[in-house]
Amino acid sequence: MNPQAATTPDHRLEKDTHPGDAYPLLKTDGLTKDYPGIRALDGMNFDLKAGEVHILFGENGAGKSTLISMLAGANTPTSGNIRFNGELVELSSVHKARELGISAVFQEFSLIPQMTVAENLFLGAEPTTHGMLNSAAQKKAAEEILSSLDFQLPSDKRIDHLTRAEQQMVEIAKAFRSDLSVLILDEPTASLTNHETDQLFRLIGKLKSQNVGIIYITHRMAEIREIGDRITILRDGKYIDTVDAKTTDDDELVRLMTGRVVGQIFPKIAYNPGEVALEVKDLHTVGGSVKGASITVRKGEIVGFAGLVGSGKSKFAKACFGAFDIESGSIIFNGEKITRPKTKDMLKRGFMYLPSDRRNDGLMMMRSARENISIASLDIPPFSNGWMLNRKKEAKVVKALAKQLNLSPNRVERDAGFFSGGNQQKLMLARSLTREFNLVVFDEPTVGVDVGTRAAIYEFIAKLANDGTAILLISSDLPEILNLTNRAYVFYQGQIQAELKGEEITETNVLSYFFEREAA
Amino acid sequence: MSNQTETMPKTRISPADILKKIFVRLGILPFLLLIAVIVFASLSDNFLTGRNLMNVLRQSVYLTIVSMGQMLALLTGGFDLSVGTILALTSVVGATVMASVYAAMPDAIWLAIILGCLAGIAAGTFIGVFNGVGVAFFGVSPFMMSLGMASVGFGLALFLTGGTPVYGMPEAFGNIFGFGTLFGIHAPIYAAVLIALLLYFYLYRTKSGRYFYAVGGNIKAAKLSGISTRKTLLMTYILCALMAALAGMLLTARLDTGEANIGASMPLQSIAACVIAGVSLRGGVGRLENVILGAIFIGLVQNGMNLARMESYLQTVVLGSLLILAVIADQVRLRYVASLKD
Amino acid sequence: MSNQTETMPKTRISPADILKKIFVRLGILPFLLLIAVIVFASLSDNFLTGRNLMNVLRQSVYLTIVSMGQMLALLTGGFDLSVGTILALTSVVGATVMASVYAAMPDAIWLAIILGCLAGIAAGTFIGVFNGVGVAFFGVSPFMMSLGMASVGFGLALFLTGGTPVYGMPEAFGNIFGFGTLFGIHAPIYAAVLIALLLYFYLYRTKSGRYFYAVGGNIKAAKLSGISTRKTLLMTYILCALMAALAGMLLTARLDTGEANIGASMPLQSIAACVIAGVSLRGGVGRLENVILGAIFIGLVQNGMNLARMESYLQTVVLGSLLILAVIADQVRLRYVASLKD
Amino acid sequence: ADWFPVQVQVWEPAFDMNSPRRDINYTPLEKAAKPWDLCVSFPHMKDAYWLGVDYGVTEEAKRLGVKMQVVEAGGYTELNKQISQLEDCVASGADAVIIGAISADGLNNVIKEIRAKNIPVIDVINGISSPELTAKSLVSFGEMGAKTGEYLAKQHPAGSGKVKVAWFPGPSGAGWVEAGNSGFTGAIAGSDIELVETKYGDTGKEVQAKLVEDTLEAHPDLAYVVGTAVTAEAAIPILRSRDLTGQVKVASYYFTPGVEQGLRRGQIVAAPTDSTVLQGRIAVDIAVRALEGKPYEKHVGPALYVVDGDNLKDFDASSTLAPKGFSPIFTVE
Ligand SMILES: Nc1ncnc2c1ncn2[C@@H]1O[C@H](COP(=O)(O)OP(=O)(O)OP(=O)(O)O)[C@@H](O)[C@H]1O
Ligand SMILES: Nc1ncnc2c1ncn2[C@@H]1O[C@H](COP(=O)(O)OP(=O)(O)OP(=O)(O)O)[C@@H](O)[C@H]1O
Ligand SMILES: [Mg+2]
Ligand SMILES: [Mg+2]
């Protein structure tokens, strides 16, 4: 048979970027995946060439992860087939895929929290001598991989002692442990900052030159431009189109993705600061993650926190919220001096913190969307009269919020765990609307969220600020800091390295404060 | 965003579909109960009499009440292995106090009953306070905390009685709370219904009730949402102990003596009742009404096997297999639930 | 990248620091053991004799072996509540087969012993196969699966014996495996040491060993890393049952009869031994050497209390409190560990 | 008041329950020659039956002036623990050991070891099959069952009209239960007693209550509930609440304070007594005799008799039960 003829949708691209490759490296035909009650992927035709970076693009829940999970052997298709170098293959297990050189970085971390970095890197493929584990060799190999990636991670540190971003780095390193022919990356940069991202892109470049085929899933437009060769767009589990990354503009991509025209991603941000909402002076936390940081936030202001992974941005906000122990420092919230903040009291005072890790810190996955949204406000009307719930009003308010945030599917009795990532994020954000807050901290509010939804979230944050709420936006996604904030603090090693205002918030400016400076 | 891809045919409605719907909504237990009733009715003529069914209900009362408490512990992601000991300690302390008051003032029957009940329930609940403090404030795993307290409490109960039953409670106590009937329904059943209604209201109509689910669902998220997780956990074990203590007093009324040797099988049986009712041992999932059905199911099967004159040894085998089958069936149900999920 | 935030003073080394380090590395158990030894030695002159310590070791052998198996189940995030039944079933089947072979061929003592042991261990392990299949392939919760199988197995054991002990095993069996000594050390101790060494090697020197930890740590991640989680789970319950069966055969040798009524306290006690040894009930955490210490600790305390002539009821109270205290102390240790981080 | 002299039966040759027996008057020692250290091991101390034995052994130890430590394993499933406790006893320096055994055969090895150290081992109450025992102070539980069975059979001899009996021997698997069961079933053979149900179950009152209730449902025309003392005690309020008192009669096959109360109130028709307290006392006396090299009976036991409404007033409860308010004693110094 002729593999070329089967490649139908490539009408816009010249065929065979790599002459001599008779077959695409990887190719799917009518790949379909049914989950109980839902067709996650519907007759997908996709092909990957050696030496290209092929971007998968689509809304949350479009089926991107489902597609790559089958290519990586983590999932079996309901129908359709997969060809590797032109040959039909059955990727019945991750192990099998890896034998072919197909390696994947999954969106959901596949790390064992209680094991060390080195152990995780080689999980399932431990180096042995005479059938016995060889931990010395493993450590050495692990350190080689980490240093080749220029990831500065101690190989004997336990995963659960790492931040999410550091875990992401381990996850990436895992894919590099064996000889590669196909590398699949599912939103690898979702919690990384530019520094680590650059590192990763350099490596991708190197792999490309070694003729490795790379499938890359991202919601960040800038990355598409930077490394993408071709883009395949999915919508509702179906193949929409494959386009050239260099020649297709953003609006076109978003139109293909959503089926409609989405205007500006970043909304217009007004700036009318009111009185001071939060003033923190010389805050130190237990354990030394934050060492003497001071900030001020005014009502109606959007203040950004930028900084490297682990620089203490989250710890600072958590400490103010009462979710992390404080050693010393003063906190004044709404003119009230607070010595030992407690989450419950802070909430009552109108301080809300929305955590970055929605799975571990944010949502109750096996409870309904309704319960997840209303949880922080059950002690006040309309949700209750103090102790007795008013379930009718609760349902009404929650439905209204879901509608306002475009929850999809808009079914509030569904378990949170059944929603796609972006929609889970919305469930958490909706909490900030269940009562009057004076200050809301958004910690990485758009991790893994698609462009359309992002626009909605930004809109939402802008509106909150416009209504007079003070906003703290912690983000490792630089464009968010650049486009949304009125003021920004840059963290470095638990201290504040710089405060930037208005026009000063530029990419070069912010980045220049990310690293150590003499006499900052 | 992907609603149109739901492939389940929701429009055609066949009888099988309706059955499936029931299966999904109510769980496996109503079906199992039905099957059990049919089987046992065919095995024994005496089974399907109103009198015996009342009997089953009354026998199940104690396990039901304890299971409702146990459910709280499971909901928050814990265990309570001390419920058996709580039963025993309550019984012993309650009976001792009641008997002494009665002996001192033979005319003040009601005073004796009330003081006895209060003392017994307080003693039992006290174990729960320890459990709660250990779990909530010292971070001891509920398994170990309640196992340790079970041992401590049992030692105390034996110490108080030396293993001999405590006699001398006023007869009225047993006659009313153990065997009394009103409109042909036994007093313990009224008690259980009342407790169930109160708990139902508490769990599903108040904010504190919701917090049990929140703490079990994701304790970090609960904390970040301003819920006092410690208070909730403390409350969990106190309530669980209170339930067990109530069951202990009711059982004492029925046995007419205070006994240190009751309740040994309660911890595992109450957890089993919850698990077959779909309560997750990971916390956060489970419905009160199903737990009640679960406890009754266990009671019904035991009664049915006795009436069907099944051999003792075989009963053990059958009960074990049934529990496993119930969970497997529930597993199947969960798959359906996923497929029918809106 | 974040090493610089570690503020613990690692450079100053004081004796207290060294103690802390030991505390952090070895856990709370060595300290508890030490304290227990000191206390009991001061309470009873006979406690700290080589003879009695040997005695403690030998008594703890059975719980130790069972706890090692239980640890596997806990590591993978499960339970095995059927270990007691496995002990009983192994004992009954092993003794029956051994006695009948011996009766048929009174000269072939070793044949009888070997066949008996094989039959007993096979019977016990079979329960584990069921547990494993239920958990790994049908997704039944380990709690329910093993509780159900405990009931089924116990029924079978009683059915096989009619409740009476099985006797008629060759004397050599008891003499060698129950009471034999070599260099003053009892045979069961050698057996336990051998089993521990093999398991240690398996857990910490082979790939499959590491997979127990991986499956318990994060089963989805383990699956995505190409580990066959089903195989690992199946293996877990089979190995756990095998351990319990080995303990059952050793115990049978010591009792000289096959008994259906042994092991009832094993499930909870073995879990307790693991928990005080720092094994997490959530899975993924726990060290074999600590579990062995945990089991010995329980045995040592019981022995010490007997030698100190503590009253029986008080023993129950003390043991319960000690278990709780051990876990609280371990909690304190974990805080230190967190503050001394890597 | 002293408990002796007391009529007992002696089996000869010893250690065989089928041996011929003769009645003698038993008189214990006045005082022990020195304060020996005795160790007593019981299956458990969770009910009034073993409390009676505890009363017997500790009282006798006090009377003789010897030291004593009592240990209990916590239940009939704790054979392994009993063995450990026996070893601990010896390790802590006991001069003689008295055992209420959990298993008739399971202790033989440990007894062999103890005897090898020349420590006397006395079997009390439950029966042990080891030939190395120093002596036995007990009666057969099988005979307790048999006595109960005989009593019923005498009331309902063949031809007097069938009566239905439900039988609750206790937890399946325990040695005393199996013995009692075979004794009872043997004794009612040939009479008009129709055994319609044998229900095993733990001797917790709630368990037995449930069994009794279910049995009453299954057999509305039941005439007797016969079983453990716990069964009998549990049955009384149940029968009362169903207005079956008198119609369904209750008998127990051993004796506890609850059974005595039931007998006195006419709620229980009969129960045999094995004079538990005396068994305990005699065991202690034998142990001291063995230690002091004085002559002793190798196999004695009090004579069994059934207590019913007729002879109740002559019955001396102190031979069988601990006095009211007695709390268990674990050490005698
Ligand atoms: N295990 C599962 N069971 C049931 N439905 C699932 C499962 N995994 C995914 N789905 C559903 O399949 C659809 C596609 O999901 P998928 O994870 O592939 O989306 P995605 O494109 O990767 O989205 P995102 O950008 O949010 O990661 C979604 O509707 C999702 O709810
Ligand atoms: N669970 C944890 N255990 C131990 N150390 C931690 C843990 N979480 C974070 N840290 C450490 O605390 C420091 C600050 O973390 P924090 O989460 O505040 O950083 P961040 O700037 O928000 O980074 P990120 O972008 O990763 O969220 C880091 O040095 C990190 O290594
Ligand atoms: Mg995805
Ligand atoms: Mg952060």
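What follows is a tour of a predicted model, with something to select at each stop.

**Stop 1: the ligand**

Select ligand 1 and show the residues around it. Which residues come nearest to ligand 1? There are 17 residues around the ligand, and A:Asn60, A:Gly61, A:Ser65, A:Thr66 and A:Gln107 come nearest.

Now look for the contacts made by oxygen atoms of the ligand. The side chain of A:Asn60 has an N or O atom 2.8 Å from a ligand oxygen. With A:Thr66, a side-chain N or O atom is 2.5 Å from an oxygen of ligand 1. A:Lys64 uses its backbone instead, with an N or O atom 2.8 Å from a ligand oxygen. On its own, ligand 1 has 640 Å² of accessible area, and the protein covers 76% of that.

Switch to cartoon view and pick out strand E2 (38–48) and helix H2 (64–71) of chain A, which each supply at least two residues of the shell around ligand 1. Helix H2 of chain A gives the most, with three residues.

**Stop 2: salt bridges**

Begin with B:Lys220 and A:Asp361, whose closest N and O atoms are 3.6 Å apart. This pair joins two chains, because B:Lys220 lies in helix H10 (residues 219–224) of chain B and A:Asp361 in helix H12 (residues 358–362) of chain A. B:Lys220 is partly exposed at 48% relative accessible area, while A:Asp361 is buried at 12%.

Next, select A:Glu413 and A:Arg370, a salt bridge with closest N and O atoms 2.7 Å apart. A:Glu413 sits in the loop between helices H14 (391–404) and H15 (421–430) of chain A and A:Arg370 in helix H13 (residues 369–374), so the pair ties together parts that are 43 residues apart in sequence. Is A:Arg370 buried or exposed? A:Arg370 is buried, with a relative accessible area of 12%, whereas A:Glu413 is partly exposed at 41%.

Hop over to chain D for D:Glu60 and D:Arg63, with closest N and O atoms 2.7 Å apart. They're three residues apart in helix H1 (residues 48–64), which puts about one helical turn between them. D:Glu60 is buried at 0% relative accessible area, and D:Arg63 counts as buried at 16%.

Before moving on, select A:Asp34, A:Arg39, A:Asp42 and A:Lys238, which are linked in a network of salt bridges.

**Stop 3: a covered strand**

Stay with chain D and select strand E13 (residues 299–302). D:His299 and D:Gly301 on one side and D:Val300 and D:Pro302 on the other are all buried, so both faces of the strand are covered.

Strand E1 (residues 6–11) of chain D runs antiparallel to E13, joined by three bridges, and D:Gln9 stands opposite D:Gly301. Strand E7 (residues 135–137) of chain D runs parallel to E13, with two bridges, and D:Ser137 has D:Val300 as its bridge partner.

**Stop 4: a nonpolar patch**

Finally, show the surface of chain B. B:Met105, B:Trp110, B:Leu111, B:Ile114, B:Leu115, B:Leu118 and B:Ile176 form a nonpolar patch there, with about 640 Å² of accessible area together. Helix H5 (residues 109–137) of chain B gives the most to this patch, with five residues. Click on B:Ile114 in that helix: B:Ile114 is partly exposed, at 47% relative accessible area.

Notes
Residues numbered from 1 in each chain as written. Chains lettered and ligands numbered in written order. Predicted model: local features only at pLDDT ≥ 70, side-chain atom pairs only at ≥ 80, totals over all residues. Heavy atoms only, no water. Buried < 20%, exposed > 50% of the residue type's maximum accessible area, 1.4 Å probe, protein only. Helix = DSSP H or I, 4+ residues; strand = E, 2+ residues; numbered from the N terminus. Pairing = 2+ DSSP bridges. Salt bridge = Lys/Arg side-chain N within 4 Å of Asp/Glu carboxyl O. Patch = residues over 30% accessible without salt bridge, like charges linked within 9 Å, V, L, I, M, F, W, Y side chains within 5 Å. Areas by Shrake-Rupley, 256 points an atom, 1.4 Å probe, with all protein chains shown as cover. Near = heavy atom within 4 Å. Polar contact = N/O pair within 3.5 Å; in protein donor to acceptor, adjacent residues only side chain to side chain.
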